[in-house]
Each structure stands twice: as C-alpha cells, then as structure tokens.
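Welcome! Open the viewer, have the selection tool ready, and let's take a short walk together.

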Amino acid sequence: MKFCDLHRQYIEYKKEIDAAIAGVIDKTAFINGPDIAELENELADFSGAKSAIACSSGSDAISLALMALDVQPGDEVLCPAFTFISTGTMISVVGAKPVFVDVDPVTFNLDPDKIGEKITAKTKGIIVVSLYGQCADFDRINDIARKHDLWVLEDGAQSFGAEYKGKRSCALTNIATTSFFPAKPLGCYGDGGAIFTADAEIADRIRMIRNHGQEKRYYHKMIGVNGRMDTLQAAIIRVKLKYFPNEIKERNRVAASYTDKLKNVVHTPLVLKNNLSVWAQYTIRVENRDKLRETLAKDDIPTAVHYPMPLSKQEAFKYLKQGIDFPVSNRLSETVISLPMHPFLSNEEIGFVSQKIKDAING
Ligand SMILES: Cc1ncc(COP(=O)(O)O)c(C=O)c1O
C-alpha cells in the first residue's frame, strides 16, 4: 500500500498525460508555451478567482505574492505556528519578520481569537493556511484584517478545490497561493504552484516579477526572479484538472469511510459545517503516535507526521526569539498522524488500515 498512490492515478489517465507531454515536446514549447495561459484561465475558472498566475512552486508562489505586495524588511507578517515550513520561511526570504499565531484545536487552522494580540504598528498582513485541505475561518479573519488595514493571503497549498460557504479556496482573500507538488490534491510531475488574486495591478506585478521583472524582452522594470512554471507541468495539470472534481468526491468517500470506522477509536478530523475539504491529509490524533506508526509499519501501512515540530520550535526561526508558548501547536505536533489518503484507495484497503489501528489501540 502506498501513502499517496500516484502511479495508480497515472495509469488511469496515462493516454492523455502521455499525449499532453508529447505535445509540449513536439512544439518545443518548454518555456511559457500555450499550456501556461490555458492553465491559468482554467485555474481561474475553477477557483472563481479573477486571475491565476502559474509559477514554479507553492513556496515561490508565496514569495512572489509577498514581493508583489511590496513587503519590506522590518515589516511583520502573521502566520500559523503549525504548518509546513515555507509558510514562514518565505516571509523571512523577503526580509520581513514572521510572527507566529497559535491554531484552533478543532480545525488546526489559524485561531482568529489569537490574531489581535499579535498585531503591531509594523504588521502588514496575515498568511492563513487551510491545513490538510479544510479552509480556515475566512469570514472572521478577513473581518479582523479589514479593521486593521491588513491584507490576507491564503496559503492554499493543501486546499485547492476546497469550499468555504459556497466559494472555493484561493478565491476567499486578497491574494492566495497553491502548490502542485506531486502529492498535493492537484499535483504535477515535479514542482509547480500558482497565485490567485482579484487585484489586476498585483496580478501584473506578479507576472513581471515571475519573469525577471521584465516588461518586454530584456527591458526590466523591477527586480524579479525566475519563478516560471515549466510548460510540461502545465500540460499535465490541465489533464488532471478535468478529473479533479471526481477525485475530490473520491477523497471525501475515503475520509468518510475512515471516520465511520475510527470515530470511536481515535480523534478523527472534523470538517466544519459549510466547509468541503479536499483531504490533502487524513490526520488523526492519538496519545502514543510513534508507537502506533511502528505497529502499522509492521503491516506495511505507511503513515506520515504533518508536522513533528511547530515553526516556533524550528532552529531556522530561533533568531526571532518568539518563545515556544504555542500550546495547541505543540500538542498537535506530538499527537498527529496522517493515514494513507488518495482517491484510488479501495474500501478493502481502508478497512484493513482501520482494523489494524483498532487492534493497535485496543491492544
Ligand atoms: C501549507 C504549505 N505551504 C507551502 C507549501 C510549499 O509548496 P511547494 O512544495 O510546492 O514549494 C506546502 C507544500 O508542502 C504546504 O503544505
């Protein structure tokens, strides 16, 4: 059994994916080929965002967005203490200061009640992660941001396709980013990402920064980077996007089945009313997490820990001297364990994993 079976998915769409790859090679349209603009239109349509800009990774998407928002050295940007590292490091990469906020114990997303105490005169915006595929509480967070004149960036690396009160992830905030890392709900065959915004001026700036700050060839209006997506990845994502709505349904089938079998055994994840998760991870909580992982590994059941250490404890962020008083993040990092999750997981496989967890927990 695989944690995320990308090979099964490839076999399912092989003909179309092979043809899409061959098409790019045949046209030698490797950089900024026609698939990039097509993908951008399709991503905007799918998400409901006005503009989508394809780029080189989910991490680069965050740094490109921060550059376009003109985040400067000395600025402060709030972000959750419990997330993947690049949510925080990209703030440092542009010279600003990440300010960690603890997360909600039920959804594991940024806790709106803890935002206010972290806002200072230097705060410019808030990066909000929609962790494991469930959107954060954007009505409340956007409200707080508006009152303090801050922007909100949704790091939707794990939530592309998710829904919040009838709208889709990446169309809920001033600006949003996602990742097409292969194991993400919508993944490519290498690195890739995208940025979403309704602000036409910001979208133009991102397009320029993504391509060396150039307005036309060899004329550079601003400092930029090479943050382009390669066309092969765009062609692959375009094929997968067609099947993505069905994959979201299948991910929800898998999650519902796990929850049904495990809800009286471990702490199963909760998706709030008005939310549709894309289940980037199906993450349970148990007291003796490492022992359970070892037991499951004996039956060749792969598991993962997202994440074993909050940002506030990472050596990379020691220089910030923000302490480690993030009780919910600390507790989660000790108890979370993610189970195999992908749209092709069979009911037998789900049953097998669930039974082994029951056996391990009940002794
Ligand atoms: C929450 C979050 N943010 C950012 C990223 C970075 O994406 P990428 O790996 O495409 O750079 C990831 C990917 O793991 C993520 O999960």
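**First stop: a strand and its neighbours**

Select A52 and then F196 in strand 9: the two are bridge partners. Strands here are DSSP runs of E with at least two residues, helices are runs of H or I with at least four, and both are numbered from the N terminus. This is a predicted model, in which local features need pLDDT of at least 70 and side-chain atom pairs count only at pLDDT 80 or more, while totals for chains, interfaces and linings use all residues. Residues are numbered from 1 along each chain as its sequence is written.

Now show strand 1 (residues 51-55), which pairs with strand 9 in the antiparallel sense over five bridges; pairing takes at least two DSSP bridges between the strands.

Colour residues 193-197: five of the five residues of strand 9 are buried, so the strand is largely enclosed by the rest of the structure. Buried means 20 or more other C-beta atoms within 10 Å of a residue's own (12 or fewer is exposed, in between partly exposed), with C-beta atoms placed from the backbone. Look along the strand: G193, I195 and T197 point one way, A194 and F196 the other.

**Last stop: two helices**

Select L64, A65, M67 and A68 in helix 3, then I202, R205, I206, I209 and R210 in helix 6: these groups meet, contact being C-beta atoms, placed from the backbone, within 7 Å.
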